[in-house]
Amino acid sequence: MILLLFFIRTSIKEKVKHALKPYDIGNKYSDLTLPRASVLVPLLIKNEELHVLLTVRSMQLRSNQGEVCFPGGKQEKKDRSDIDTALREAQEEIGLLPDHVEVICKLVPVINKDDILVTPVVAFISGTFQPQPNANEVSDVFILPMHHFLKSEEHSSKPYDMGGLLHFFTFKDQKLHKSFTIWGFTAQICIIVAYLALGQKPSFKVNFDIDNPMASMDKYLMAKYATSKL
């Protein structure tokens, strides 16, 4: 039985890697002259299903307190790449060792409200990983199935930024006995990764070409870059 579960998990993992790797951007956007940041999108197999790990920002932080997000932060001089930034931040925030992370791909970056170029780094971590959150930065760590971001039952949206949509998901964590709201950039990336990894379209309206989300993200990125403050 244990051997069978191992093969099932390995099969799911390999299928997800095969589905996501073609979307790796490589160094395509390395010439964009903006301050940089990275987030880690940590995927894991739990109960034979694809999950994602998310964090809740500490109330002690100066901005976005209490919001659900990926581990991540601004690039530092010692970081050699966007991947280095994501791995360093994940280790600082939740105790995830870089050697225990299998990077799959980097997705098209997003320019945030502060004109920082944020690159999502998608990776696999162990399903047995036990987070050790840094209380100064993280108040909670939880996981949820990726298919949650394709269903309409716990989803809502509202208009945003010239025809765009802000997506919101509610998740009730039975283990922590808490309810979390995932929205904005984090929700958008989760929708895209869930679609690409699972091959299922969301059951609600999105504001990008679901059949070619990377092209939509590229178009939005370059339009935002052309009007950025820097």
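This is a predicted model: local features need pLDDT of at least 70, side-chain atom pairs count only at pLDDT 80 or more; totals for chains, interfaces and linings use all residues.
Colleague: Why is Y29 called buried?

Modeller: Buried means under 20% relative accessible area. Y29 has 5% relative accessibility, so Y29 counts as buried. Y29 sits in the loop between helix 1 (2-20) and strand 1 (36-46).

Colleague: Which residues does Y29 touch, not counting residues up to four places away in sequence?

Modeller: They are R36, V108, P109, L117, D218, L221 and M222. One of them, V108, is 79 residues apart from Y29 along the chain, and the two C-alpha atoms are separated by 8.2 Å.

Colleague: Which sense do strand 5 and strand 6 take with strand 7, parallel or antiparallel?

Modeller: Strand 5 (residues 102-106) runs antiparallel to strand 7 and is joined to it by 4 bridges; there, K106 has V121 as its bridge partner. Strand 6 (residues 110-111) also pairs with strand 7 in the antiparallel sense, over 2 bridges. The cut-off is at least two bridges, so 2 bridges are enough for a pair. V110 has V118 in strand 7 as its bridge partner.

Colleague: What makes D115 worth a remark?

Modeller: Most residues other than glycine have a negative phi. D115 is not a glycine, yet its phi is positive, at about 60°. D115 belongs to the hairpin of strand 6 and strand 7, which has 5 residues between the strands.

Colleague: Is D115 buried or exposed?

Modeller: D115 has 5% relative accessibility, so it counts as buried.

Colleague: And H177, buried or exposed?

Modeller: Exposed means over 50% relative accessible area. H177 has 69%, so it is exposed. H177 lies in the loop between strand 10 and strand 11, and it has a positive phi of about 55° although it is not a glycine.

Colleague: What is the strand order in the open sheet of 3 strands?

Modeller: The order is 9-10-11, with antiparallel pairing. Strand 9 (155-160) and strand 11 (178-183) are the edge strands, as each pairs on one side only. Neighbouring strands of this sheet are turned by 20° against each other on average, direction ignored. Strand 10 (residues 164-173) and strand 11 share 6 bridges, and F168 stands opposite W183 in strand 11.

Colleague: Which helix packs on the sheet?

Modeller: Helix 3 (residues 184-198) does, touching strand 10 and strand 11, and its direction makes about 85° with that of strand 10.

Colleague: Why is R88 called buried?

Modeller: R88 has 10% relative accessibility. The limit is under 20%, so R88 counts as buried. R88 is in helix 2 (residues 82-94). Leaving aside its neighbours within four places in sequence, R88 is in contact with K74, Q75, E76, K78 and D79.

Note on methods:
Residues are numbered from 1 along each chain as its sequence is written. Side-chain values use heavy atoms; hydrogens and water are left out. Axes are lines fitted to C-alpha atoms, for helices over the stretch in contact, and angles run from 0 to 180 degrees between N-to-C directions. Contact means heavy atoms within 4.5 Å. Buried means under 20% relative accessible area, exposed over 50%, partly exposed in between (1.4 Å probe, protein chains only).
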